[in-house]
Amino acid sequence: MPGRHAAESSAYVPDEDPVVRPFMLTGGRTRPLQDGLRIETLLRAAPAALSAPLRFESRRIVELCQQPMSVADVAVGLGAPLGVARVIVADLIAEGYLKVEEQSGEISTALIERIRDRVRAL
């Protein structure tokens, strides 16, 4: 039956990794609660953050930030747009799960190049 084979091949098969719309990750918000988070801002998870009852993206960000990590690197590690990562990061800072690392006044060329490369990867 030639018609049957064609119908089987055109049947919808859901992806194993479904796409979640960015607004679903941020509760519809497009701006972070804490303003001033730049892409090079370094973040570190608070000591108790891994044992906190966090879910999904928030848990992943805390895992990523066990070592200092920039907001841009968090976005790449999360596989989410930079704006989405900034909103979730700001929430985690407000809740005390992430801390902003003190930085010197100047950014190294190596850090700027790494951030540029990570943003391009998005």
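Helices here are DSSP runs of H or I with at least four residues, numbered from the N terminus, and Ser58 is found in one of them, helix H3. The structure is a predicted model, in which the protein chain has six helices and three strands. Read along the sequence, these elements follow the pattern α-α-β-α-β-α-α-β-α. Of the 122 residues in the protein chain, 31% are buried, and among contacts between residues at least 6 apart in sequence, 72% join residues at least 24 apart.

**The nonpolar core**

- The largest nonpolar core has 22 residues, and those with the most contacts inside it are Leu43, Ile61, Cys65, Val74, Val89 and Leu98.
- At least two residues of this core are supplied by each of strand S1 (42–45), helix H3 (56–64), helix H4 (71–78) and helix H5 (82–94), and the largest share, six residues, comes from H5.
- Leaving aside residues up to four places away in sequence, Val74 touches Leu43, Ile61, Leu64, Cys65, Met69 and Val89.
- As general background, nonpolar side chains in soluble globular proteins tend to be buried together.

**Packing of H4 against H5**

- Helices H4 and H5 pack at an angle of about 110°, with their axes 9 Å apart; because angles of 65 to 115 degrees count as roughly perpendicular, H4 is described as roughly perpendicular to H5.
- On the H4 side the contact is made by Val71, Ala72, Val74, Ala75 and Leu78, while H5 contributes Leu82, Ala85, Arg86, Ile88 and Val89.
- Sorted by class, the contact of H4 with H5 has nine nonpolar residues, no polar residues and one charged residue.

**The buried side of H3**

- The buried residues of H3 are Ser58, Ile61, Val62 and Leu64, and they lie on the same side of the helix because they cover an arc of only 160° around its axis.
- In general terms, an α-helix has 3.6 residues a turn, so residues three or four places apart point the same way.
- What covers the buried residues of H3 includes strand S1, strand S2 (69–70), helix H4, helix H5 and strand S3 (98–100).
- Ser58 has a relative accessibility of 19% and therefore counts as buried, the limit for that class being under 20% relative accessible area.
- Apart from residues up to four places away in sequence, Ser58 touches Ile88 and Leu92.

**Phe56 in H3**

- Phe56 also lies in helix H3, but with a relative accessible area of 58% Phe56 is exposed, since exposed residues are those over 50%.
- The backbone of Phe56 has a positive phi of about 50°, although Phe56 is not a glycine.
- For context, most residues other than glycine have a negative phi.

**Ser70 in strand S2**

- Ser70 has its place in strand S2 and, at 0% relative accessibility, counts as buried.
- Although Ser70 and Glu40 are 30 residues apart along the chain, their C-alpha atoms are separated by 5.1 Å.
- Not counting residues up to four places away in sequence, Ser70 touches Ile39, Glu40, Thr41, Leu42 and Ile115.

Note on methods: Residues numbered from 1 in each chain as written. Predicted model: local features only at pLDDT ≥ 70, side-chain atom pairs only at ≥ 80, totals over all residues. Heavy atoms only, no water. Core = buried A, V, L, I, M, F, W, Y, C linked by side-chain atoms within 4.5 Å. Buried < 20%, exposed > 50% of the residue type's maximum accessible area, 1.4 Å probe, protein only. Contact = heavy atoms within 4.5 Å. Axes fitted to C-alpha atoms, helices over the stretch in contact; angles between N-to-C directions. Parallel < 35°, antiparallel > 145°, perpendicular 65-115°, else oblique. Nonpolar A, V, L, I, M, F, W, Y, C, P; charged D, E, K, R; others polar. Arc of directions from axis to C-beta.
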